[in-house]
Amino acid sequence: MLRFVLRRSGSALILMVVVSFVAFMLIFAAGDPAVKLAGEAGSAADAARIRAFYGFDQPIYLQFLHWIGAALHGNLGHSLYFDQPVSAILFDRLGTTLLLGLVSFIFALAISLPLGIAAARWQNTWIDRTALIVAVIGQAMPTFWFALLLVVMFSVIWPILPTSGSETWRHFIMPSVVLGYFAAPAIMRLTRSGMILALETDYVRTARALGIAPRKVLLKYALRNAVIPVVSVSAAQFGYMLAGSVVVESVFAINGAGRLAWESILRSDLPTVQALVLCFSLIYVILTFVADVLNAWLDPRMRLADARA
Amino acid sequence: MPAHSDAASAPAAAWRMPRWARHSGLVAGGIILAIIFLMGLLAPVLAPYNPYDQNLLARIVPPIWHETGTWAHPLGTDHLGRDYLSRLLYGARVSVFIGVTVAFVSGIIGTVLGVTAGYFGGKTDTVISFIITARLALPVILVALAVVALFGSSLSVVVGVLGLLLWDRFALVMRATTQQIRDADFVMAAKVQGASTWQIIMQEIMPNLATNITVVATLEIAQAIVLEAALSFLGLGVPPPLPSWGLMLAEGKSFILFDPWLITIPGMLLFGLVLAINLVGDGLRDVTAPDSRN
């Protein structure tokens with residue numbers, strides 16, 4: 001198990017370096033960032049001054065090493081818009097987004113796991129069909145439109161929920177429903193298919209033949225095996241949800257990292273954008289790493305397969 | 001599903017609808033998709049107005065089912081007095097165009113990577129799998145927004161950035177499928193006959209990936225359409241005054257308090273289009289590979 005964790009953390013580390021390089025290179029995607037920052041009214045002298053100030057005149061790998069070295073010390077650069085260190089703004093906002101992500105994730109699990117299990121248990125009945133419809137609609141619903149519809153429903157027609165802000169728990173209801181419903185279909189589909197496979201296995205048949213209570217067979221024997229692919233996809237969905245917070249936080253005016261990202265992009269606050277892309281990517285890498293370890297713990301076969309490879 | 005052996009014994013009685021027609025989701029999705037395609041295709045014929053023409057004297061006219069609606073503008077007008085129906089019809093073109101071109105670009109990238117990784121395996125596979133993982137770690141919306149902001153918003157920038165970002169599912173599926181068939185007897189036979197690697201990939205492997213490519217392509221078309229709408233909604237997708245449904249939603253957002261139909265109508269179309277594409281994709285998978293359901 002320890003060897004597995006070490007091996008996986010090694011590849012996660014390499015991945016982090018590559019991803020940070022991509023995040024770093026983002027500002028060079030459209031040519032000379034100094035010219036971009038100087039703006040259309042900026043002269044060549046302005047661009048040269050900006051280039052010297054940000055070190056854009058150095059070789060790219062040196063700039064990258066500087067940037068990543070500073071980032072490791074918690075210095076994510078200086079925000080052009082706020083005129084203060086990015087880290088000072090970022091961590092506060094990131095907390096809000098992670099909270100939103102967590103609540104949404106719990107909501108996603110609360111609808112997808114029971115529905116997925118029920119759909120597998122009562123396969124091809126109306127329960128299965130209903131779960132399928134819920135999943136299909138969720139997959140096709142654009143998050144921002146769903147968010148606007150909820151606003152119309154619960155803030156205009158039937159005003160019981162606040163439309164914007166993040167002050168109380170009531171502010172989190174609509175955004176969490178939107179984000180959670182976005183993440184639910186994938187989890188639900190995998191839960192259902194995993195459960196169907198598990199329910200057909202010999203050990204479930206044996207457990208049933210031994211007269212173990214059907215509920216226990218379903219939730220203990222079958223679910224434990226069915227849940228393995230669900231863990232990976234849940235981690236990925238959690239990551240997508242954080243990225244999706246860009247849209248949802250903008251609609252509901254929540255002061256989180258997603259809205260900060262959108263605003264920083266509109267304001268051409270490149271250091272903040274870089275730091276945010278980096279943070280979102282790293283969170284995803286960490287999440288999938290945790291899911292891998294969790295899976296290896298749940299399923300010893302995976303540890304062995306990895307060691308052999 | 002049992003084989004249709006009864007067809008020979010009782011040809012007249014054994015007539016059944018083909019499998020694809022029995023699949024109601026595929027049929028429903030296909031019909032909606034055909035309607036939206038026709039909307040876009042026939043937009044110049046069907047649209048009662050030029051979608052860009054403003055009429056500041058007729059701003060936010062409600063649709064016909066409202067008391068004050070008028071047949072002059074069956075689906076009303078927006079905040080600049082542009083005919084909503086005409087904009088919606090032309091908007092279908094934007095969505096369909098973006099979806100198809102993005103899926104084309106990402107399909108080529110993903111298929112090349114996936115087939116290479118799956119066929120050659122070993123170190124090649126390790127490297128390509130790593131590239132796929134790295135791509136998955138990047139937040140698509142964020143990167144797309146940033147790139148559009150840097151390059152300036154235009155249709156080609158949106159297509160380009162989404163095409164370069166959405167190839168991951170193509171790569172994953174093509175890699176897995178290629179791995180499954182690379183040791184199959186017909187590939188071996190081709191090798192024994194002295195076929196080159198290129199011939200084997202193009203003549204033996206690729207034809208067997210066609211169905212999977214189609215299924216993944218439908219999913220990616222849907223995803224690209226939603227992402228374009230989301231980018232446009234956030235003001236960093238296709239530029240106004242182009243009639244993109246996402247842009248229409250963004251423009252209607254300020255009026256949801258009194259005129260919610262400004263967002264419900266384009267949203268319904270967007271939802272319907274994505275739903276239809278997903279249904280067709282799911283249906284195709286069911287019809288072509290009944291074992292891989294769930």
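A nonpolar core is a set of buried Ala, Val, Leu, Ile, Met, Phe, Trp, Tyr and Cys residues joined through side-chain atoms within 4.5 Å. The legends below describe a predicted model.

**Figure 1. The largest nonpolar core has 148 residues.** Five of its members touch the most other members: A:Phe144, A:Phe252, B:Leu145, B:Leu162 and B:Trp245. Helix 13 of chain B, residues 261-288, gives the most to this core, with 15 residues. In soluble globular proteins, nonpolar side chains tend to be buried together.

**Figure 2. Chain A is built from 13 helices and zero strands.** Read along the sequence, its pattern is α-α-α-α-α-α-α-α-α-α-α-α-α. The C-alpha trace of chain A spans about 80 × 60 × 30 Å along its principal axes. Of the 309 residues in chain A, 48% are buried. Among the contacts in chain A with a separation of 6 or more, 71% are accounted for by residues 24 or more positions apart.

**Figure 3. Chain B has 13 helices and zero strands.** From the N terminus on, its elements run α-α-α-α-α-α-α-α-α-α-α-α-α. Along the principal axes, the C-alpha trace of chain B spans about 75 × 60 × 30 Å. Buried residues make up 51% of the 294 residues of chain B. For contacts in chain B with a separation of 6 or more, residues 24 or more positions apart account for 71%.

**Figure 4. B:Trp245 is in contact with residues from several parts of chain B.** With its neighbours within four places in sequence left aside, the contacts of B:Trp245 include B:Ile36, B:Arg87, B:Leu88, B:Gly91, B:Ala92 and B:Ser95. B:Pro266, B:Leu269, B:Leu270 and B:Leu273 are also in contact with B:Trp245. B:Trp245 is one of the core residues that touch the most other members.

**Figure 5. B:Leu270 is found in helix 13 of chain B.** B:Leu270 counts as buried because its relative accessibility is 0%, and the cut-off for buried is under 20%. Beyond its neighbours within four places in sequence, B:Leu270 is in contact with A:Pro142 and A:Phe144 of chain A, and with B:Ile225, B:Ala229, B:Trp245 and B:Leu249 of chain B. B:Leu270 and B:Ile225 are 45 residues apart along the chain, and their C-alpha atoms are separated by 8.2 Å.

**Figure 6. Helix 7 of chain A covers residues 143-157.** Its 15 residues reach 20 Å from the first C-alpha to the last, close to the 21 Å expected at 1.5 Å a residue. The buried residues of this helix are A:Thr143, A:Phe144, A:Trp145, A:Phe146, A:Ala147, A:Leu148, A:Leu150, A:Val151, A:Val152 and A:Ser155. Helix 8 and helix 10 of chain A are among the elements that cover them. The cover also includes helix 11, helix 12 and helix 13 of chain B.

**Figure 7. A:Phe146 has its place in helix 7 of chain A.** A:Phe146 is buried, since its relative accessibility is 13% and buried means under 20%. Apart from neighbours within four places in sequence, A:Phe146 is in contact with A:Met141, A:Val177, A:Val178 and A:Tyr181. A:Pro271 is 125 residues from A:Phe146 in sequence and 32 Å from it in space, C-alpha to C-alpha.

**Figure 8. Helix 5 and helix 8 of chain A cross at roughly 35°.** Helix 5 covers residues 86-121 and helix 8 covers residues 173-199, and their axes come within 6 Å. The crossing of helix 5 and helix 8 of chain A is right-handed. By class, this contact has 23 nonpolar, six polar and two charged residues.

**Figure 9. Helix 11 and helix 12 of chain A cross at roughly 145°.** The axes of helix 11 (residues 257-266) and helix 12 (residues 270-298) of chain A come within 9 Å. Their crossing is left-handed. Helix 11 of chain A contributes A:Ala257, A:Gly258, A:Leu260, A:Ala261, A:Ser264 and A:Ile265 to the contact, and helix 12 of chain A contributes A:Thr272, A:Val273, A:Leu276 and A:Phe280. The contact has seven nonpolar, three polar and no charged residues.

**Figure 10. A:Ser281 lies in helix 12 of chain A.** A:Ser281 is buried, with a relative accessible area of 0%. When neighbours within four places in sequence are left aside, A:Ser281 is in contact with A:Val19 of chain A and with B:Ala137, B:Leu138 and B:Pro139 of chain B.

Methods: Residues numbered from 1 in each chain as written. Chains lettered and ligands numbered in written order. Predicted model: local features only at pLDDT ≥ 70, side-chain atom pairs only at ≥ 80, totals over all residues. Heavy atoms only, no water. Buried < 20%, exposed > 50% of the residue type's maximum accessible area, 1.4 Å probe, protein only. Helix = DSSP H or I, 4+ residues; strand = E, 2+ residues; numbered from the N terminus. Contact = heavy atoms within 4.5 Å. Axes fitted to C-alpha atoms, helices over the stretch in contact; angles between N-to-C directions. Left-handed = near helix turned anticlockwise from the far one by under 90°. Nonpolar A, V, L, I, M, F, W, Y, C, P; charged D, E, K, R; others polar. Expected span 1.5 Å × (residues − 1).
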